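Have a go at each task before you read its solution.

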Amino acid sequence: VAKASGRYIDPTRARVTVAEWMAIYISTRADLRRSSLSRMEGVTRLQIVPALGAIPLAELTRLRCQQFVSQLNSTHKPGSVHKVATVLSGAMQLAVDDGRIPGNPAARLKLPRQMKRRKKFLTHQQVAALATAVDSRAKGEGFGLLIYVLAYTGLRWGEIAGLRVRDLDFKRRRLNVRETMVEVGGYFEESAPKDYEERSIPVPEFIMSQLVTHIEGKMSDDRVFVSARTQMPIRNQSFRRYWFNDAAAEIGIPGLTPHELRHTCASLAVSVGANVKALQKMLGHASAAITLDVYADLFDEDLDEVGERLNEAARLVDSARNYE
């Protein structure tokens, strides 16, 4: 009956081990960027294979998967546990789709709750203070200007590392994001922007005027920001270790990360009237829904304004009635 209805699962096809199947699964993920694929390979090699690799697919139960992620929770942060569970579930779903097992044993596992980290938003004055503090530690590198670019354009670190002179449009005062640099195995590789979305970002004039001076003598293909010593793109961790962390502590914001300058850009843009769609295009999110999910709290003041406008409209109606 199972064969006739197309529900038959050949048990011999489920004898492949989890380790063997994970290798097959990873080889099918042509949709992933190289950096994402590298992270998946690391999760598989370091967590999944040591714990589950020898088990045949047919013998991998939901209970065993749940025990696995529960054990991870004692040694890893909730975010890391979620990533491991996502990779395992994706691989097992492919096994289901390929007709090797009847159901996904790693689907809908009970995972630890992730606490949302409170975002830090800098003011214009704090951005200026941070840029000055970084410049004082990295004299001649132009890293104070790098702080301004991050805080007023919302670039991701890989995007600013991949920025070339030809990407600066001084006539329109725009910055064009065409490529990004990703770290794979300790080395930088060029890649398409996240979500494969090229975009054009408006840049304040005071930053553009500094960029004119900063790129003097550079060729069109040269990177805008590089290490003066190596002439190579700057690694995020190195930038934080040598210049950023101490500068952030000096201005009274210890624990600040360069990525939070992207949050700062969103906050400053909303404060001058940027709507959700404009913010989405500026930050390079795949959809406005993602922008709202990440920065919903920035639009709370809009709700207050809606209430005030509705009240004003109602008062006008009442005034007209009283006049009649």
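**Exercise 1.** Work out what covers the buried residues of α11.

*Solution.* In this predicted model, the cover over the buried residues of α11 includes the helices α6 (124–137), α7 (143–153), α10 (236–250), α12 (276–283) and α13 (288–295), along with the strand β5 (199–202). Next, see how far the burial goes: 11 of the 12 residues of α11 are buried, so the helix is mostly covered. The buried residues run through Glu260, Leu261, Arg262, His263, Thr264, Cys265, Ala266, Ser267, Leu268, Ala269 and Val270. Following α11 comes Gly273, with a positive phi near 105°.

**Exercise 2.** Check whether the span of α11 agrees with 1.5 Å a residue.

*Solution.* Start with the count: α11 covers residues 260–271, which is 12 residues. The expected span is 1.5 Å times one less than the number of residues, and for α11 that comes to 16 Å. Now compare the model: the end C-alpha atoms of α11 are 16 Å apart, so the two agree.

**Exercise 3.** Describe how α4 packs with α5.

*Solution.* First take the geometry: α4 (residues 62–72) and α5 (residues 78–97) pack at about 155°, and their axes lie 9 Å apart. Angles over 145 degrees count as roughly antiparallel, so that is how α4 runs to α5. The crossing of α4 past α5 is right-handed. Then look at the side chains: α4 brings Cys65, Phe68, Val69 and Leu72 to the contact, and α5 brings Val81, Val84, Ala85 and Leu88. Sorted by class, the contact has eight nonpolar residues, with no polar and no charged ones.

**Exercise 4.** Is His76 buried, exposed or partly exposed, and which residues does His76 touch?

*Solution.* Locate His76 in the loop between α4 and α5. Its relative accessible area is 29%; buried would need under 20% and exposed over 50%, so His76 is partly exposed. Leaving out residues up to four places away in sequence, His76 touches Gln47 and Val81. For a distance check, pick Ala95, 19 residues from His76 along the chain: their C-alpha atoms are separated by 27 Å.

**Exercise 5.** Find how α7 is oriented to α10, and which residues meet.

*Solution.* The packing angle is about 105°, with the axes of α7 and α10 12 Å apart. The range 65 to 115 degrees counts as roughly perpendicular, so α7 is roughly perpendicular to α10. At the contact, Phe143, Leu146 and Ile147 of α7 meet Phe239, Trp243 and Phe244 of α10. By class these are six nonpolar residues, no polar and no charged.

Key: Residues are numbered from 1 along each chain as its sequence is written. This is a predicted model: local features need pLDDT of at least 70, side-chain atom pairs count only at pLDDT 80 or more; totals for chains, interfaces and linings use all residues. Side-chain values use heavy atoms; hydrogens and water are left out. Axes are lines fitted to C-alpha atoms, for helices over the stretch in contact, and angles run from 0 to 180 degrees between N-to-C directions. Helices (H or I, at least four residues) and strands (E, at least two) are DSSP runs, numbered from the N terminus. Angles under 35 degrees count as roughly parallel, over 145 as roughly antiparallel, 65 to 115 as roughly perpendicular and the rest as oblique. A crossing is left-handed if the near helix is turned anticlockwise from the far one by less than a right angle, and right-handed if clockwise. Contact means heavy atoms within 4.5 Å. Ala, Val, Leu, Ile, Met, Phe, Trp, Tyr, Cys and Pro count as nonpolar, Asp, Glu, Lys and Arg as charged, and the others, Gly among them, as polar. Buried means under 20% relative accessible area, exposed over 50%, partly exposed in between (1.4 Å probe, protein chains only).
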